[in-house]
Amino acid sequence: MDQQQKQQVTSYRRGDIIALPGGVPHWHYNNGNEEIVAISVIGTADNIVNQLDNNPRNFYLAGNPVNKFANQYERLFEHGQQQYFLRTLGQQGSCNNVFCGMGVNLTSEVFNIDPELASKLIAEDDERGHIVRVNGKFDIVTPMSNSQGENEQYPIGGDESFCTLKMKANIADPSSTDVYYPGVGGVSNVNSHNLPILELLQLSASRVVLHKDTMMLPIWNTNADSIIYVEKGDGRVQIVDHEGRSVFDSKVTEGQVLTVPRSYVASSRAQSDILEYVVFKTNGNAITYSLAGRTSVFRALPVDVITNAFQISEKDARTFKFNRVEHLLIKKND
């Protein structure tokens, strides 16, 4: 097998969720005719791939992009019973890749190359950012399609038990929809059950599609915070905190980002022909509860409990408990 094949190369399309463990080198190449809008979510929870603190750190193998997470201070922090002295001074001049700290001599020795080539790798005068334009032909191994129509993924040289893990799942494919009502919308989920590597990363995602005059019933997560990215359309989102206060009730539009802490109740409705948004969650298997509908928490409560809790009649309690039969998605004023 050629050395280029000792990597995991895969194409991706709209709706793909790609899971990358911390510290794994990766690159992206746009070989299509349209621009790519990619949303990057960085998990900083205390897990197997992040054992220092809650500060994200970028690790660049090439170029001199601006390090958005560089801190300009020194500090002492604790991890377990150990104490560490961490000195973070940010960028040194215009150089911000791993070879900058190694210097010309060590880089030359490590790779058995001449100092001139080592200086090119360090690239102190490279003023390009995260995105660079490819000059000439871009010769890479092209993923082949298997019998299921999916792209084969070539293993990276090294720990094949890790590098051959499935790292991608599509969340926009209609066939992957978990909840769907014709003319209303649908909900798709990617979590540690259908993409096991998310158990390691402690992240998951949902995609919600709402047609005009439809809404997502109020829900909350008990073990995960949520980051909502509006992919398409206009809508309205309402968020209520754990103390019963309305903390957000406003219109949302394409490109907007919202954060919903765990145990905060959120609902949404479409105001344009279609509203599409993705919800990233800080748990590999987020536990979600619904306030209303077929799986509502009130469905599990006895009628007498509801009657006395709200001081309503038994008839009203049954109406309150059973009238909404849909799950998660409803048409407005049904």
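The questions and answers below look at a few residues and the nonpolar cores of a predicted model.

Q: Is Asn-283 buried or exposed?
A: Asn-283 lies in the loop between β14 and β15, and residues beyond four places away in sequence that it touches include Gln-202, Leu-203 and Asn-223. Its relative accessibility is 14%, and because a residue under 20% is classed as buried, Asn-283 counts as buried.

Q: How far apart in space are Tyr-289 and Trp-220, C-alpha to C-alpha?
A: When neighbours within four places in sequence are left aside, the contacts of Tyr-289 include Pro-218, Ile-219 and Trp-220. Tyr-289 and Trp-220 are 69 residues apart in sequence, while in space their C-alpha atoms are separated by 5.5 Å.

Q: Which element gives the largest share of the largest nonpolar core?
A: This core has 22 residues, and Tyr-277 is listed with Leu-210, Met-216 and Leu-329 as having the most contacts inside it. Among the elements that give two or more residues to the core are β7 (204–211), β8 (214–221) and β14 (274–281). The largest share, three residues, comes from β14.

Q: How many residues does the second, separate core have?
A: Apart from the largest nonpolar core, which has 22 residues, there is a second, separate core that includes Ala-19, Met-167, Ile-171 and Ile-197. The number of residues in this second core is 14.

Note on methods
Residues are numbered from 1 along each chain as its sequence is written. This is a predicted model: local features need pLDDT of at least 70, side-chain atom pairs count only at pLDDT 80 or more; totals for chains, interfaces and linings use all residues. Side-chain values use heavy atoms; hydrogens and water are left out. Contact means heavy atoms within 4.5 Å. A nonpolar core is a set of buried Ala, Val, Leu, Ile, Met, Phe, Trp, Tyr and Cys residues joined through side-chain atoms within 4.5 Å. Buried means under 20% relative accessible area, exposed over 50%, partly exposed in between (1.4 Å probe, protein chains only). Helices (H or I, at least four residues) and strands (E, at least two) are DSSP runs, numbered from the N terminus.
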